[in-house]
Amino acid sequence: MSYLAKNYNRKKISFKFGKGSYLYSTDGKKYLDFVSGIAVNSLGHAHPKLVKTIKDQSKKLWHVSNAFQIPEGEKLAKKLCKKTFADYVMFQNSGAEATEAAIKVARRYFYSIGKPKKNRILCIKNSFHGRTIAAIFASGSKKMTEGFGPKVPGFDHFRFGDHKSLKKKITKNTAAIMVETIMGEGGIKEIPDWCLKDLRKLCNEKKILLILDEVQCGISRSGDFFAFEKSKVKPDIVPIAKGIGGGFPIGAVLMNKKVAKGMTPGTHGSTFGGNTLAMAVGNTVMDIVSNKKFLKNIKNLSKYFLSSLNKLKEKYPHIIKEIRGRGLLIGIQLHKDQTKFIKRLMDNKLLTIRAAENVVRILPPLNVKKNEIYQALKIINKVCLESK
Ligand SMILES: *Cc1c(COP(=O)(O)O)cnc(C)c1O
(Lines give C-alpha, C1' and ligand atoms only; values in the text may rest on other atoms or scores of the structure.)
Protein backbone atom coordinates (compact mmCIF):
# COMPACT_ATOMS: atom_id res chain seq x y z
CA MET A 1 0.00 0.00 0.00
CA SER A 2 1.20 3.50 -0.87
CA TYR A 3 0.82 6.47 1.46
CA LEU A 4 1.20 8.91 -1.43
CA ALA A 5 -1.97 10.72 -2.47
CA LYS A 6 -3.47 9.37 -5.67
CA ASN A 7 -3.16 12.52 -7.78
CA TYR A 8 -0.85 10.78 -10.28
CA ASN A 9 -1.45 7.78 -12.48
CA ARG A 10 2.06 6.37 -12.05
CA LYS A 11 3.61 3.67 -14.22
CA LYS A 12 4.70 0.58 -12.29
CA ILE A 13 8.41 1.23 -12.59
CA SER A 14 11.03 2.87 -10.39
CA PHE A 15 14.68 3.69 -10.91
CA LYS A 16 17.79 3.11 -8.88
CA PHE A 17 20.14 5.47 -10.70
CA GLY A 18 20.76 7.32 -13.93
CA LYS A 19 23.76 8.05 -16.10
CA GLY A 20 23.69 10.39 -19.09
CA SER A 21 20.66 9.52 -21.24
CA TYR A 22 19.98 6.25 -19.42
CA LEU A 23 17.91 5.26 -16.38
CA TYR A 24 18.46 1.95 -14.57
CA SER A 25 15.35 0.43 -12.99
CA THR A 26 15.20 -1.24 -9.60
CA ASP A 27 14.46 -4.53 -11.37
CA GLY A 28 17.75 -4.35 -13.26
CA LYS A 29 16.71 -2.99 -16.68
CA LYS A 30 18.27 -0.17 -18.69
CA TYR A 31 16.06 2.47 -20.28
CA LEU A 32 16.77 5.25 -22.76
CA ASP A 33 15.29 8.26 -20.98
CA PHE A 34 13.65 10.54 -23.56
CA VAL A 35 11.39 12.16 -20.97
CA SER A 36 14.16 13.85 -18.98
CA GLY A 37 11.79 14.51 -16.10
CA ILE A 38 9.68 16.51 -18.60
CA ALA A 39 12.39 18.77 -20.06
CA VAL A 40 14.08 19.09 -16.67
CA ASN A 41 17.24 16.96 -16.82
CA SER A 42 18.72 19.10 -19.59
CA LEU A 43 22.17 17.53 -19.11
CA GLY A 44 20.93 13.99 -18.50
CA HIS A 45 21.58 12.16 -15.25
CA ALA A 46 24.58 12.55 -12.95
CA HIS A 47 26.44 15.00 -15.21
CA PRO A 48 29.97 15.19 -13.70
CA LYS A 49 30.02 19.01 -13.66
CA LEU A 50 26.65 19.19 -11.87
CA VAL A 51 27.69 16.50 -9.40
CA LYS A 52 30.86 18.46 -8.64
CA THR A 53 28.96 21.75 -8.27
CA ILE A 54 26.52 20.23 -5.76
CA LYS A 55 29.32 18.49 -3.87
CA ASP A 56 31.48 21.62 -3.61
CA GLN A 57 28.64 24.02 -2.80
CA SER A 58 26.96 21.68 -0.30
CA LYS A 59 30.07 21.80 1.87
CA LYS A 60 30.09 25.61 1.90
CA LEU A 61 26.57 27.04 2.05
CA TRP A 62 23.07 25.88 1.10
CA HIS A 63 20.67 28.59 1.99
CA VAL A 64 20.53 32.15 3.25
CA SER A 65 17.53 34.43 3.35
CA ASN A 66 16.84 36.88 0.55
CA ALA A 67 17.28 39.48 3.30
CA PHE A 68 20.98 39.19 2.41
CA GLN A 69 23.06 39.45 -0.75
CA ILE A 70 23.39 36.17 -2.67
CA PRO A 71 26.38 36.46 -5.05
CA GLU A 72 25.62 33.17 -6.87
CA GLY A 73 22.16 34.56 -7.74
CA GLU A 74 23.67 37.87 -8.89
CA LYS A 75 25.95 35.88 -11.19
CA LEU A 76 23.17 33.78 -12.73
CA ALA A 77 20.87 36.79 -13.16
CA LYS A 78 23.66 38.64 -14.98
CA LYS A 79 24.25 35.69 -17.31
CA LEU A 80 20.52 35.43 -18.09
CA CYS A 81 20.27 39.17 -18.81
CA LYS A 82 23.44 39.30 -20.93
CA LYS A 83 22.14 36.39 -23.01
CA THR A 84 18.55 37.62 -23.50
CA PHE A 85 16.11 40.55 -23.79
CA ALA A 86 15.88 40.81 -20.00
CA ASP A 87 17.13 43.55 -17.67
CA TYR A 88 16.09 41.94 -14.38
CA VAL A 89 15.44 38.47 -12.96
CA MET A 90 13.38 37.32 -9.98
CA PHE A 91 14.09 33.77 -8.81
CA GLN A 92 11.40 31.25 -7.80
CA ASN A 93 11.34 27.48 -7.30
CA SER A 94 9.04 26.15 -10.01
CA GLY A 95 7.25 26.89 -13.25
CA ALA A 96 3.86 27.64 -11.72
CA GLU A 97 5.46 30.11 -9.33
CA ALA A 98 7.28 31.70 -12.25
CA THR A 99 4.09 32.16 -14.30
CA GLU A 100 2.27 33.53 -11.24
CA ALA A 101 5.12 35.94 -10.63
CA ALA A 102 4.91 36.97 -14.30
CA ILE A 103 1.23 37.83 -13.79
CA LYS A 104 2.11 39.79 -10.67
CA VAL A 105 4.81 41.77 -12.50
CA ALA A 106 2.35 42.66 -15.30
CA ARG A 107 -0.41 43.79 -12.93
CA ARG A 108 1.94 45.67 -10.66
CA TYR A 109 3.39 47.55 -13.63
CA PHE A 110 0.00 48.98 -14.60
CA TYR A 111 -0.78 49.69 -10.94
CA SER A 112 2.49 51.60 -10.65
CA ILE A 113 1.64 53.83 -13.64
CA GLY A 114 -1.81 54.64 -12.22
CA LYS A 115 -3.86 52.12 -14.22
CA PRO A 116 -4.87 49.55 -11.59
CA LYS A 117 -7.95 48.45 -13.57
CA LYS A 118 -5.75 47.26 -16.41
CA ASN A 119 -5.26 43.86 -14.80
CA ARG A 120 -6.79 41.16 -17.01
CA ILE A 121 -4.59 38.47 -18.57
CA LEU A 122 -5.51 37.01 -21.96
CA CYS A 123 -4.46 33.36 -22.47
CA ILE A 124 -4.96 30.48 -24.89
CA LYS A 125 -7.84 28.16 -24.02
CA ASN A 126 -6.50 24.78 -22.80
CA SER A 127 -2.94 26.01 -22.45
CA PHE A 128 -0.70 25.06 -19.54
CA HIS A 129 0.91 27.45 -17.07
CA GLY A 130 1.11 25.27 -13.96
CA ARG A 131 -1.14 23.94 -11.21
CA THR A 132 -1.52 26.70 -8.62
CA ILE A 133 -4.99 28.15 -8.16
CA ALA A 134 -4.31 31.16 -10.41
CA ALA A 135 -2.34 29.17 -13.00
CA ILE A 136 -5.11 26.60 -13.55
CA PHE A 137 -7.63 29.36 -14.22
CA ALA A 138 -5.10 30.98 -16.56
CA SER A 139 -5.08 27.73 -18.55
CA GLY A 140 -8.84 27.83 -19.02
CA SER A 141 -8.96 24.05 -18.99
CA LYS A 142 -12.13 22.46 -17.68
CA LYS A 143 -10.31 19.32 -16.59
CA MET A 144 -7.71 21.17 -14.52
CA THR A 145 -10.12 23.58 -12.83
CA GLU A 146 -12.98 21.16 -12.10
CA GLY A 147 -13.76 21.15 -8.38
CA PHE A 148 -11.32 23.94 -7.57
CA GLY A 149 -13.72 26.87 -7.61
CA PRO A 150 -14.53 29.59 -6.99
CA LYS A 151 -13.14 30.67 -10.33
CA VAL A 152 -10.20 33.06 -10.04
CA PRO A 153 -11.23 36.22 -11.91
CA GLY A 154 -8.99 38.20 -14.22
CA PHE A 155 -8.39 35.70 -17.04
CA ASP A 156 -9.83 35.76 -20.57
CA HIS A 157 -9.30 33.14 -23.28
CA PHE A 158 -9.04 32.72 -27.02
CA ARG A 159 -8.53 29.59 -29.08
CA PHE A 160 -5.12 28.67 -30.48
CA GLY A 161 -4.80 30.19 -33.95
CA ASP A 162 -8.09 32.12 -33.73
CA HIS A 163 -6.84 35.64 -34.48
CA LYS A 164 -10.32 37.13 -34.74
CA SER A 165 -11.31 35.99 -31.26
CA LEU A 166 -7.94 37.12 -29.87
CA LYS A 167 -8.55 40.65 -31.12
CA LYS A 168 -12.14 40.63 -29.89
CA LYS A 169 -11.14 39.58 -26.38
CA ILE A 170 -8.77 42.52 -25.86
CA THR A 171 -10.45 45.24 -23.80
CA LYS A 172 -9.24 48.43 -22.16
CA ASN A 173 -8.64 46.36 -19.02
CA THR A 174 -6.33 43.83 -20.68
CA ALA A 175 -2.90 44.04 -19.06
CA ALA A 176 -1.09 41.26 -20.87
CA ILE A 177 -1.29 38.40 -23.34
CA MET A 178 0.35 35.28 -21.90
CA VAL A 179 1.10 32.34 -24.20
CA GLU A 180 3.58 29.47 -24.48
CA THR A 181 5.90 30.03 -27.46
CA ILE A 182 5.60 26.28 -28.09
CA MET A 183 2.73 24.58 -26.27
CA GLY A 184 4.20 21.59 -24.44
CA GLU A 185 1.39 19.80 -22.59
CA GLY A 186 -0.95 21.07 -25.33
CA GLY A 187 0.69 18.80 -27.93
CA ILE A 188 3.92 20.51 -29.10
CA LYS A 189 2.14 23.26 -31.01
CA GLU A 190 4.29 26.18 -32.13
CA ILE A 191 3.21 29.76 -32.51
CA PRO A 192 4.68 30.59 -35.94
CA ASP A 193 7.17 33.47 -36.15
CA TRP A 194 4.80 35.68 -38.13
CA CYS A 195 2.14 35.24 -35.42
CA LEU A 196 4.62 36.14 -32.69
CA LYS A 197 5.52 39.28 -34.66
CA ASP A 198 1.84 40.16 -35.07
CA LEU A 199 1.28 39.54 -31.36
CA ARG A 200 4.08 41.96 -30.51
CA LYS A 201 2.64 44.57 -32.87
CA LEU A 202 -0.82 44.12 -31.40
CA CYS A 203 0.54 44.49 -27.86
CA ASN A 204 2.37 47.67 -28.82
CA GLU A 205 -0.74 49.16 -30.45
CA LYS A 206 -2.97 48.35 -27.49
CA LYS A 207 -0.26 49.19 -24.92
CA ILE A 208 -0.38 45.77 -23.29
CA LEU A 209 2.42 43.46 -22.22
CA LEU A 210 3.58 40.28 -23.92
CA ILE A 211 4.36 37.36 -21.60
CA LEU A 212 5.94 34.33 -23.30
CA ASP A 213 5.91 31.24 -21.08
CA GLU A 214 9.16 29.41 -21.85
CA VAL A 215 9.04 27.09 -18.84
CA GLN A 216 9.12 24.03 -21.14
CA CYS A 217 10.41 25.29 -24.51
CA GLY A 218 13.10 27.63 -23.13
CA ILE A 219 16.68 27.09 -21.90
CA SER A 220 17.98 25.78 -25.26
CA ARG A 221 15.32 23.06 -25.62
CA SER A 222 14.22 24.46 -29.01
CA GLY A 223 17.78 24.79 -30.34
CA ASP A 224 17.82 28.51 -29.49
CA PHE A 225 18.24 29.67 -25.90
CA PHE A 226 14.66 30.92 -26.03
CA ALA A 227 12.20 29.57 -28.61
CA PHE A 228 11.02 33.10 -29.51
CA GLU A 229 14.53 34.29 -30.49
CA LYS A 230 14.17 32.98 -34.05
CA SER A 231 11.25 35.38 -34.61
CA LYS A 232 13.33 38.39 -33.41
CA VAL A 233 10.38 39.35 -31.17
CA LYS A 234 11.16 40.82 -27.75
CA PRO A 235 8.65 39.93 -25.02
CA ASP A 236 8.25 41.99 -21.83
CA ILE A 237 8.13 39.14 -19.35
CA VAL A 238 9.30 35.51 -19.60
CA PRO A 239 8.77 32.84 -16.92
CA ILE A 240 11.31 29.98 -16.99
CA ALA A 241 11.90 26.87 -14.86
CA LYS A 242 12.29 23.17 -15.81
CA GLY A 243 15.58 23.03 -17.78
CA ILE A 244 17.50 25.77 -15.94
CA GLY A 245 18.01 23.61 -12.83
CA GLY A 246 19.01 20.41 -14.65
CA GLY A 247 16.97 18.53 -12.02
CA PHE A 248 17.30 20.97 -9.14
CA PRO A 249 14.05 22.95 -8.61
CA ILE A 250 14.58 26.47 -9.95
CA GLY A 251 12.12 28.91 -11.46
CA ALA A 252 12.51 32.54 -12.47
CA VAL A 253 10.78 35.40 -14.17
CA LEU A 254 12.76 37.55 -16.57
CA MET A 255 11.58 41.07 -17.32
CA ASN A 256 12.55 44.27 -19.09
CA LYS A 257 13.39 47.56 -17.41
CA LYS A 258 10.00 49.13 -18.11
CA VAL A 259 7.90 46.57 -16.27
CA ALA A 260 10.45 46.00 -13.51
CA LYS A 261 9.65 49.45 -12.13
CA GLY A 262 6.58 48.12 -10.34
CA MET A 263 8.55 45.55 -8.35
CA THR A 264 9.66 47.66 -5.41
CA PRO A 265 10.90 46.24 -2.06
CA GLY A 266 8.24 44.10 -0.39
CA THR A 267 6.09 43.51 -3.48
CA HIS A 268 7.13 39.86 -3.97
CA GLY A 269 9.23 37.26 -2.25
CA SER A 270 10.05 33.59 -1.88
CA THR A 271 11.80 31.90 1.04
CA PHE A 272 13.66 29.36 -1.07
CA GLY A 273 13.69 31.26 -4.37
CA GLY A 274 17.25 31.83 -5.57
CA ASN A 275 18.99 30.15 -2.66
CA THR A 276 22.72 29.55 -2.78
CA LEU A 277 22.72 25.84 -3.63
CA ALA A 278 20.09 26.28 -6.37
CA MET A 279 21.97 29.21 -7.87
CA ALA A 280 25.27 27.32 -7.91
CA VAL A 281 23.58 24.56 -9.92
CA GLY A 282 21.83 27.07 -12.20
CA ASN A 283 25.14 28.75 -13.04
CA THR A 284 26.70 25.44 -14.08
CA VAL A 285 23.69 24.48 -16.25
CA MET A 286 23.60 27.96 -17.81
CA ASP A 287 27.31 27.92 -18.70
CA ILE A 288 26.90 24.66 -20.59
CA VAL A 289 23.52 25.04 -22.31
CA SER A 290 23.94 28.66 -23.44
CA ASN A 291 27.23 27.88 -25.20
CA LYS A 292 27.05 28.55 -28.98
CA LYS A 293 28.62 25.23 -29.97
CA PHE A 294 26.27 23.38 -27.64
CA LEU A 295 23.27 25.09 -29.27
CA LYS A 296 24.58 24.31 -32.76
CA ASN A 297 24.88 20.65 -31.80
CA ILE A 298 21.24 20.61 -30.62
CA LYS A 299 20.18 21.99 -34.01
CA ASN A 300 22.18 19.31 -35.85
CA LEU A 301 20.81 16.50 -33.69
CA SER A 302 17.32 17.90 -34.18
CA LYS A 303 17.66 17.95 -37.96
CA TYR A 304 18.68 14.29 -37.92
CA PHE A 305 15.94 13.30 -35.47
CA LEU A 306 13.12 15.20 -37.19
CA SER A 307 14.03 14.14 -40.74
CA SER A 308 14.29 10.50 -39.64
CA LEU A 309 10.92 10.72 -37.87
CA ASN A 310 9.37 12.23 -41.00
CA LYS A 311 10.66 9.24 -42.97
CA LEU A 312 8.93 6.98 -40.44
CA LYS A 313 5.78 9.01 -40.94
CA GLU A 314 5.96 8.31 -44.68
CA LYS A 315 6.59 4.64 -44.01
CA TYR A 316 3.67 4.35 -41.54
CA PRO A 317 1.13 6.98 -42.68
CA HIS A 318 -1.72 5.00 -41.11
CA ILE A 319 -0.09 5.23 -37.66
CA ILE A 320 1.76 8.58 -37.61
CA LYS A 321 -0.28 11.64 -38.49
CA GLU A 322 2.26 14.40 -37.98
CA ILE A 323 5.77 15.06 -36.65
CA ARG A 324 5.83 18.24 -34.58
CA GLY A 325 8.33 20.36 -32.73
CA ARG A 326 11.69 22.03 -32.86
CA GLY A 327 15.09 21.34 -31.36
CA LEU A 328 14.73 18.49 -28.90
CA LEU A 329 11.12 19.27 -28.07
CA ILE A 330 9.46 16.76 -30.37
CA GLY A 331 5.98 15.32 -30.79
CA ILE A 332 4.82 12.31 -32.78
CA GLN A 333 1.12 12.80 -33.35
CA LEU A 334 -0.67 9.50 -33.86
CA HIS A 335 -4.02 8.93 -35.57
CA LYS A 336 -5.40 7.39 -32.41
CA ASP A 337 -4.85 7.36 -28.64
CA GLN A 338 -1.15 7.11 -27.85
CA THR A 339 -1.32 5.19 -24.53
CA LYS A 340 -0.56 1.74 -25.98
CA PHE A 341 2.17 3.11 -28.24
CA ILE A 342 3.95 4.71 -25.28
CA LYS A 343 3.61 1.44 -23.34
CA ARG A 344 5.17 -0.51 -26.23
CA LEU A 345 8.04 1.97 -26.49
CA MET A 346 8.60 1.45 -22.77
CA ASP A 347 8.51 -2.35 -23.16
CA ASN A 348 11.30 -1.82 -25.71
CA LYS A 349 13.26 0.31 -23.19
CA LEU A 350 12.47 3.77 -24.55
CA LEU A 351 10.79 6.23 -22.16
CA THR A 352 8.53 8.92 -23.66
CA ILE A 353 5.52 10.85 -22.32
CA ARG A 354 2.12 11.87 -23.57
CA ALA A 355 0.85 15.32 -24.56
CA ALA A 356 -2.59 16.45 -25.77
CA GLU A 357 -3.93 15.60 -29.26
CA ASN A 358 -2.63 11.97 -29.29
CA VAL A 359 0.95 13.18 -29.18
CA VAL A 360 3.88 11.07 -27.99
CA ARG A 361 6.23 13.65 -26.52
CA ILE A 362 9.98 13.14 -26.88
CA LEU A 363 12.36 15.17 -24.71
CA PRO A 364 15.88 13.74 -24.72
CA PRO A 365 18.59 15.38 -22.63
CA LEU A 366 20.13 18.27 -24.58
CA ASN A 367 23.52 16.53 -24.55
CA VAL A 368 22.06 13.31 -26.01
CA LYS A 369 24.37 11.42 -28.36
CA LYS A 370 23.53 10.83 -32.02
CA ASN A 371 23.76 7.07 -31.60
CA GLU A 372 21.25 7.25 -28.72
CA ILE A 373 18.81 8.99 -31.08
CA TYR A 374 19.54 6.23 -33.60
CA GLN A 375 18.66 3.62 -30.94
CA ALA A 376 15.41 5.45 -30.18
CA LEU A 377 14.51 5.61 -33.88
CA LYS A 378 15.05 1.86 -34.20
CA ILE A 379 12.68 1.26 -31.27
CA ILE A 380 10.05 3.65 -32.68
CA ASN A 381 10.31 1.88 -36.06
CA LYS A 382 9.87 -1.51 -34.40
CA VAL A 383 6.81 -0.38 -32.45
CA CYS A 384 5.26 1.13 -35.61
CA LEU A 385 5.90 -2.12 -37.47
CA GLU A 386 4.24 -4.14 -34.72
CA SER A 387 1.31 -1.72 -34.40
CA LYS A 388 0.00 -2.59 -37.86
C1 LIG B 1 5.60 22.65 -16.62
C2 LIG B 1 5.07 23.96 -17.02
C3 LIG B 1 4.66 24.90 -16.06
C4 LIG B 1 4.58 24.58 -14.59
O5 LIG B 1 5.81 24.22 -14.05
P6 LIG B 1 5.86 23.50 -12.61
O7 LIG B 1 7.33 23.50 -12.28
O8 LIG B 1 5.29 22.13 -12.78
O9 LIG B 1 5.08 24.31 -11.67
C10 LIG B 1 4.27 26.15 -16.51
N11 LIG B 1 4.27 26.46 -17.82
C12 LIG B 1 4.65 25.58 -18.76
C13 LIG B 1 4.65 25.99 -20.20
C14 LIG B 1 5.05 24.29 -18.40
O15 LIG B 1 5.39 23.41 -19.34
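A polar contact is a pair of N or O atoms within 3.5 Å; within protein, one atom must be able to donate a hydrogen and the other to accept it, and residues adjacent in sequence count only if both atoms are side-chain atoms. By this rule, the side chains of R361 and Q216 are joined by a polar contact of 2.7 Å. The model is predicted, so local features need pLDDT of at least 70 and side-chain atom pairs count only at pLDDT 80 or more, while totals for chains, interfaces and linings use all residues. Residues are numbered from 1 along each chain as its sequence is written, and side-chain values use heavy atoms, with hydrogens and water left out.

R361 sits in strand β17, residues 359-362. Strands (E, at least two residues) and helices (H or I, at least four) are DSSP runs numbered from the N terminus. R361 counts as buried because its relative accessibility is 1%; the term buried means under 20% relative accessible area, exposed means over 50%, and partly exposed lies in between, with a 1.4 Å probe and protein chains only. Contact means heavy atoms within 4.5 Å. Not counting residues up to four places away in sequence, R361 touches F34, I38, G184, E185, I188, Q216, I330, T352, I353, R354 and A355.

Q216, the polar partner of R361, is also one of the residues around the ligand. A residue is near a molecule or strand if one of its heavy atoms lies within 4 Å of it. The shell divides into 3 nonpolar, 5 polar and 3 charged residues. Here Ala, Val, Leu, Ile, Met, Phe, Trp, Tyr, Cys and Pro count as nonpolar, Asp, Glu, Lys and Arg as charged, and the others, Gly among them, as polar. Atom pairs between shell residues and the ligand are listed below.

| Residue and atom | Ligand atom | Distance |
|---|---|---|
| F128, backbone N or O | nitrogen | 3.4 Å |
| D213, polar side-chain atom | nitrogen | 2.8 Å |
| Q216, polar side-chain atom | oxygen | 2.8 Å |

Taken alone the ligand exposes 380 Å², and the protein buries 82% of that area. Accessible areas come from the Shrake-Rupley method with a 1.4 Å probe; for residues, only the protein chains shown count as cover.

Q92 is found in strand β4, residues 88-92. With a relative accessible area of 2%, Q92 is buried. The side chain of Q92 makes a polar contact of 3.1 Å with the side chain of H268. Leaving out residues up to four places away in sequence, Q92 touches E97, A98, A101, I250, G251, A252, H268, S270, G273 and G274.

L301 belongs to helix α11, residues 292-315, and is buried at a relative accessible area of 5%. L301 and L366 lie 65 residues apart in sequence and 9.3 Å apart in space, C-alpha to C-alpha. Beyond four places in sequence, L301 touches V368, K370 and I373.

K11 lies in the segment before β1 (15-19). Which residues does K11 contact, leaving aside its neighbours within four places in sequence? They are I342 and M346. The C-alpha atoms of K11 and K343 are separated by 9.4 Å, although the two residues are 332 residues apart along the chain.

**Cysteines**

A disulfide is a covalent bond between the sulfur atoms of two cysteines. The rule applied is a pair of cysteine sulfur atoms within 2.5 Å, and by this rule the count comes to 0 disulfides. For C81, the nearest cysteine sulfur is that of C217, 18 Å away, and C81 is in no disulfide. C81 is buried, with a relative accessible area of 16%. C203 counts as buried at 0% relative accessibility.

**Backbone geometry**

Most residues other than glycine have a negative phi, and most peptide bonds are trans. G149 and P150 are joined by a cis peptide bond, with omega about 0°. P150 lies in the loop between α6 (142-145) and β6 (155-158).

S36, in helix α1 (residues 36-39), has a positive phi near 50°. S36 is buried, with a relative accessible area of 1%. S220 has a positive phi of about 75° and is not a glycine. S220 is placed in the loop between β10 (209-213) and β11 (237-240), and S220 is buried at a relative accessible area of 0%.
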